[in-house]
Amino acid sequence: MMDTEIDRGLLEKIADLIGKPVGAFNIRKDSGCDGRQSTEHIEITSKEDKPGIDIRIKPGTVGETCYIPVIITKSGLREMVYNDFFVGEGCDVDIVAGCGIHNCGGQESRHDGVHTFYVGKGAKVRYTEKHYGEGDGTGGRVMNPETVVYLEEGASIQMETVQIRGIDSTKRSTKIVCGKGAEAVVTERLLTHGEQTAESDMEIILDGEDSKGRVISRSVAQDHSEQVFYPRMVGNAQCFGHVQCDSIIMGEAKIKSIPAITANCTEAQLVHEAAIGKIAGDQLLKLETLGLTEEEAEDCILKGFLA
Amino acid sequence: MLELQGLSYAVHEDGGELGILNDISLTVGDGRLVVFTGPNGGGKTTLAKSIMGLVRPTAGRILWNGQDITNLGITERARQGISYGFQQPPRFKGLTVRDLLTLASGDGKLSKDRCCQYLTRVGLCANDYLDREVDASLSGGEVKRIEIASILARNAALMIFDEPEAGIDLWSFARLTETFEQLHAAGGATMIIISHQERIISLADEVIVVGEGRLRHRGTPAEILPRILEDTLPGCPVLTKEAKAQ
Ligand SMILES: Nc1ncnc2c1ncn2[C@@H]1O[C@H](COP(=O)(O)OP(=O)(O)OP(=O)(O)O)[C@@H](O)[C@H]1O
Ligand SMILES: [Mg+2]
């Protein structure tokens, strides 16, 4: 497990993993299982009918972390994976996913994954997903993650996705359905450069009374890269939803942001804000007056923005 | 020592040329505290920005410690000890107050204690602000005080403050004037403060009234202040007339 330098590098980048994780984990490498461990409260089993795993977390599990990183080191490898999470009532857990591709060949490497979460009453899940690509091959590094979340009464998910450089093409789809009093907070950070393309399609359905949804998306598009965002919030009951999309555009890049809010109930309160702009000139100037060069100032502003 | 020699700045407008700064010459000795005051639109900010390199003068020279810096960029001037606190400071999404102070100080490991000291000197309670982003969520007066704190953290040989009092409440203003007084007494820095406030003007070694892009009057606070208060310095003729009619 984790036997090469490349493996270790990728795992650290996508899951902050150094050495063997503590607790439950499943490491998927080049479409095989490179290590797995279940614990008393978290059980991981392979699916019988298709590639992927089932993760069952016993009701009342508190303070545990489950790691399920995916790495691809072979050029030309393509896979489609289904992972299902069953989070029991009253749990409070962290799930760290993420995918790293090292492609030094000429063929496209590609990971498509569908993650489905069933989050029981009152359970809390923090879910992080980092995407990272490297390798000097001409082959593309492609990732198309799909996330579906069902939140039962009083459940919550804090979902954080990060993709900074390295992934040539991504099409992300996220759907979250909130039951009574449930809360979904999604933070998205994205930086594309070169000829990369990224699309993020998101739908948060506030079905239950007093449910809450919040999307905070920040992105930077550099060079010739292109980004498209479709954040959608639907209110079907008394609920509160807020979508906030901020993008910095640079070079010859293109960004399209198409937020939509739909209220099917008079008590639904929905807000969206979307802004696209270049780095403000006075921000650069201010940092230059503090002794930074123009490049350093730009770096500093982007780093802060995506932090 | 800062020397301005025949500094002018003109912009093209409707085919003609509009002089914003007109042939300004001035010397500010080391450790001096000079206050620029004068009517809105008189050219104070443009003058300050020319010293920082944010505005490129169309004629004249700027010397800093004997070296001609007229053609140096902003970064270079900053590294040579010139600093400027903006009249309208920009806001940054994602940069915290602590990040900004750290950048300003040039010390990547600026301690929390030091940050707190800078904030206290502008009347801010550090615990409430250190981790806040310098974004639109801060009030005008808060952003302004953080801007001043960033200049204190920078601790440059020349500090230019552009209307530091603007939007600041009375209590913080008192703290702020005290800070300027202490800085001046310590004698480490040369200060130029653009201000409309009597309290700040009275701290100056020299007061310069800037109007229509020229240095209109110069003198000590004792000489200049009474004339400003009596309104014997040229003001807006329309307003003066209205005031007399009432
Ligand atoms: N780039 C420019 N183009 C045209 N006019 C300009 C430009 N820059 C400054 N001005 C004008 O020059 C004048 C001086 O402006 P400046 O901001 O220096 O005044 P100020 O003395 O700082 O005023 P205040 O007290 O209101 O801050 C103003 O009338 C302003 O409109
Ligand atoms: Mg001004």
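I count Ala, Val, Leu, Ile, Met, Phe, Trp, Tyr, Cys and Pro as nonpolar, Asp, Glu, Lys and Arg as charged, and the others, Gly among them, as polar.

**Ground rules.** I am working on a predicted model, in which local features need pLDDT of at least 70, side-chain atom pairs count only at pLDDT 80 or more, and totals for chains, interfaces and linings use all residues. Residues are numbered from 1 along each chain as its sequence is written, chains are lettered from A and ligands numbered from 1 in the order in which they are written, and side-chain values use heavy atoms, with hydrogens and water left out.

**Entry: ligand 1.** I looked up the shell around ligand 1, and its residues divide into four nonpolar, eight polar and three charged. A residue is in this shell if one of its heavy atoms lies within 4 Å of the ligand. B:Gly41, B:Gly43, B:Lys44, B:Thr45 and B:Thr46 come nearest among the 15 residues. Strand E1 (2-13) and helix H1 (44-52) of chain B each supply at least two residues of the shell. I take helices (H or I, at least four residues) and strands (E, at least two) as DSSP runs, numbered from the N terminus.

I then listed polar contacts, here pairs of N or O atoms within 3.5 Å. The side chain of B:Thr46 has an N or O atom 2.5 Å from an oxygen atom of ligand 1. For B:Gly43, a backbone N or O atom lies 2.9 Å from an oxygen atom of the ligand. For B:Gln87, a side-chain N or O atom is 3.0 Å from a ligand oxygen atom. Ligand 1 taken alone exposes 640 Å², and the protein buries 62% of that. The areas come from the Shrake-Rupley method with a 1.4 Å probe.

**Entry: cores.** I use buried for under 20% relative accessible area, exposed for over 50%, and partly exposed for what lies in between (1.4 Å probe, protein chains only). A nonpolar core is a set of buried Ala, Val, Leu, Ile, Met, Phe, Trp, Tyr and Cys residues joined through side-chain atoms within 4.5 Å. The largest one has 60 residues, and A:Val220, A:Leu287, B:Leu101, B:Leu119, B:Phe161 and B:Phe180 touch the most other members. Helix H6 (residues 140-154) of chain B gives the most to this core, with seven residues. A second, separate core of 39 residues includes A:Phe85 and A:Tyr127.

**Entry: helix H2 of chain A.** I found A:Leu287 among the buried residues of this helix (residues 281-289), along with A:Gln283 and A:Lys286. Counting contacts as heavy atoms within 4.5 Å, I see A:Leu287 touching residues of both chains, including A:Ile301 and B:Phe92. Cover for the buried residues of the helix includes helix H3 (294-306) of chain A and helix H3 (97-105) of chain B. After the helix comes A:Gly291, whose phi is positive, near 100°.

**Entry: single residues.** A:Ala221 is in strand E16 (residues 211-221) of chain A. A:Ala221 counts as buried because its relative accessibility is 0%. A:Ile249 is 28 residues away from A:Ala221 in sequence, yet 5.1 Å away in space, C-alpha to C-alpha.

Phi of A:Arg165 is near 60°, and A:Arg165 is partly exposed because its relative accessibility is 37%. Phi of B:Glu163 is near 45°, and B:Glu163 is buried, with a relative accessible area of 11%. B:Glu163 sits in the loop between strand E7 (158-162) and helix H7 (170-186) of chain B.

Terms used. Polar contact = N/O pair within 3.5 Å; in protein donor to acceptor, adjacent residues only side chain to side chain. Lists of a residue's contacts leave out its neighbours within four places in sequence.
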